[in-house]
Structure formats: C-alpha cells, structure tokens
Amino acid sequence: MKFTKTKIATFAFVISSAVSLLPAQAGSLAVRNCTWCHGPSAQGYWPAPRLAGQRYRYIERQLKSFARHRRDNPFSRMYMWYAAANLTHESAHALAFYFASLHPKAANDGNRDLVAKGRAIYQQGVPSDNVAACVACHGPRAQGIGGIPRLGGLSYSYLQDRLAQWHDGYDAAALHPMPHVASQLAPNQIAALASYLSFLK
Amino acid sequence: MTCITSTKHAAHRTSRAIPHHDSQKRGAAMSWRLVLPLAIAAVTFSGASGYAATPSSVQAKIRYCKDCHGLSAQGYRGYYPIPRLAGQQPQYLKNQLRAFINRSRPNPIMSNVAHVLRPGMIDAIASYFHRLHPPPIGGGPRGLVAAGRSIFENGVPQDDIAACAACHGPHATGRGEIPRLAGQLYHYVVKELSNFPRERGQNPAIHGPSFIMLPVAHSLNRHQIRAVAAFVSSLR
C-alpha cells in the first residue's frame, strides 16, 4: 500500500514537471489553463485582466506574488493562488514571455466623459492632493517598461478594482509605490483614470 | 499681502473682461498675453502665502516625493529615470525647486509639483533628503567605471574638459549650490549631460551654476558621458 502511494506520488511529480517544462505555446495545456479565464487570445474576460502585451517581468512577478499569497484580493484568493501554486520558475517565465508577445487590444469600455479628467491626472498627477503623475513610471502611452506594467487599454472594471483594492488595503506588499499612490486617489479620480486608460492603444 | 490680493483681483478683473474681446481675435490674444502672467503670478503668490506648512503636511509631502523618488530617496527607474535625492545638497535642491517654479528648468511634472509647495516646505524637504544615505541603486556599466574615474578626477586636458572633482568635490558629494553626484542614477546622469542646454539652460536671464556646466556638458562626447555617469553612479 505504502509502495503504491510512493509510486503514485512519483508519477504525479514526473507528470507535473514535464508539463511545467513544456514551452508555452498557443494551444499548450499551460496556456489553455490561463486562457479559460483570460480569454482565448488573452485579451481579458471579466474579471480576469488582459495578459496580451503585458510586460513579461510584471507577469512573472505577479505569478510569484499569487503563489506566495501576497496578492490577496478576493478573486486572487479564489483563482490565482491555486493557478500559480505549482508553477516552476521556468514555466512562469515561459508563460509570461508568451503572453507578453501577443498583440494587446484596447478594451474601450470606460466612460468617455471622464477621459479628459483622467488624462490630466495621468499626465500631471494632482500635486495639491499628493497624487503622483502616473506618466513618470508608466510612460507617455501607458505602455509600461521593464517590470512596470502596461496600463493602456486594460478594461475599466479591472483598473478600477485594482486601484480601489489598494485603497482598501489589499495587496499591501506590492512593490513601492502603488499601494501608497492608489490610497491617495478618491473614487471619482479612480473612475477617471480607469476610463482614460481603457481607451489607450 | 495687500499687494498679492490686488494682483489676484487684477487677474480676476482681466479674466472677466475676456469674453468681451471674443469677437476681436487680436484683442483677445492681447488680453491673454496680459492675463497669463498675471494669473500665473496670482497662483504662485497665493500658493506661497495662502497657508503655512504644518508638520503633518510636510510629512505627507515628503511621502509624496518618495512615491516617485524611492522610499529612501535612492532614485527610481520608471519610464523616465527619476533622480536620487538622498544626500543631495539642500541649496541645490532648493534652487532646482525654484527653477521648476519659474520654468527655467522645464519639466511639466516637477513644475506642477513645485508650484503647490507651501512656504517652509521647500526648506524642510531639502534638509530632510540631505540627511538620507541609502546605498546607490547601481545599474551602470561596470566596465566604464575606470575611464569615468579618470575623467572625473583629471578631466580631459586635450579636449579642454575640466575635472569634475574640481567643483563637485573629490568624493562627488557637491557643496552648496553644486549638486552631489555620488550614487546618482546612471541613466539620469546620462540624460542630463546629453541634453544639458534643454534640461537646464532654457532661460539665459537666470544665471546660475547650470551655466558653468553648459560648456562642459557640451564638450563631453557620448562615450565620456557614459563613463562619467557609470563612475559617479557607483559611488557611495
């Protein structure tokens, strides 16, 4: 009995390592496990954000923070903690690289009336309220750089949730400075920023 | 205060007068030319005289600076390189904040930031950041450090380039209005030296140490700039 258990455990281990070593390709099991929720071309599917075109270093870091239970908002707990639990460093890297290589499309689902206000906050911040200008780190077209995520074209609801969750104290261990920057934003400022960003290509 | 209030009123009066000129394009343009400086002056002065800084508002402002410049003000590589403020000379920091306000140093983000600083904040912020001493964040090409050290310490006599150490000090710590370079971000130093006239020297009416740097920065070629930046960014 004990011998059978060991055999099963070994077999499971071999299978899981083999799966994790497969290169991430369209149609591969690992990719399909992501696209069930993130959409067939990884353009996002509420509440799962678009992964296409995201910075690979950012995706890798997020996978790590799900696995370590640092990113702790309700949907992360419910889905991503398990999804990322058994990813090896190599498979996380391969998946991140694959999704980063896909062409991102803008969600275009914000409130158009708030775009001008959102653009002003994005580009100038609100110095009198100690709100930093997003453009300094995320770039003039919100394309991100290195480990700093692309925000342009993400869906309104995802952007709004993410900023509001920091405001509510979730994901407090995220890299400086986002927990603090987001906590300075009022709900109407978050709505304006999310609207502006959702239309950016 | 009386003078400031009257400036504000003047700006209000002039701005109210604008719609009457709408039909006459030239008149409108003329009045904008009058209104803008007045409005800017009004905003600047009201910002500077409205209400003094409380200790908690200074703390909140310092926290705000750190959002971009790093938690220990060690600098940050965002989309744009954001300079290290830690250990910086207070007089230099104050001069730069004023240069952002009067736009002799053009930087849209920092102009807006500096414009809303209350009196007392600039001094408090400058002396706070001067006291911090985190290690440099690094990231410069190590292979260029030796060449950079040579330029920093001896200059390039055949190209008439002065030794940086002559003004910035043997350990690149700066003095008074001359900035500390030690530990500064590699990419930031490269960016500033490569675009010195555009970054620092837009207003010839305002003479400062930036104008001493203008010809020096101009004489350095790309390789020399990268070498010097690699050297100073490695210094503690």
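Guide: The mean pLDDT of chain A is 89, and 89% of its residues reach 70 or more; pLDDT is the predictor's confidence in each residue, from 0 to 100. This is a predicted model, in which local features need pLDDT of at least 70 and side-chain atom pairs count only at pLDDT 80 or more, while totals for chains, interfaces and linings use all residues. Residues are numbered from 1 along each chain as its sequence is written, and chains are lettered from A and ligands numbered from 1 in the order in which they are written.

Visitor: Over which residues of chain A does pLDDT stay under 50?

Guide: That holds for residues 11-22 of chain A, for which the model has 10 contacts beyond four places in sequence. Two residues are in contact if their C-beta atoms, placed from the backbone, lie within 7 Å.

Visitor: Why are α3(A) and α4(A) called roughly perpendicular?

Guide: The axes of α3 (residues 56-67) and α4 (residues 74-85) of chain A cross at roughly 105° and come within 8 Å. Angles of 65 to 115 degrees count as roughly perpendicular, so α3(A) and α4(A) are given that description.

Visitor: Which residues of α3(A) meet α4(A)?

Guide: Leu63(A), Phe66(A) and Ala67(A) do, and their partners in α4(A) include Met80(A) and Trp81(A).

Visitor: How many residues does each chain give to the contact between chains A and B?

Guide: Chain B gives 17 residues and chain A gives 17 residues.

Conventions. Axes are lines fitted to C-alpha atoms, for helices over the stretch in contact, and angles run from 0 to 180 degrees between N-to-C directions. Helices (H or I, at least four residues) and strands (E, at least two) are DSSP runs, numbered from the N terminus. Angles under 35 degrees count as roughly parallel, over 145 as roughly antiparallel, 65 to 115 as roughly perpendicular and the rest as oblique.
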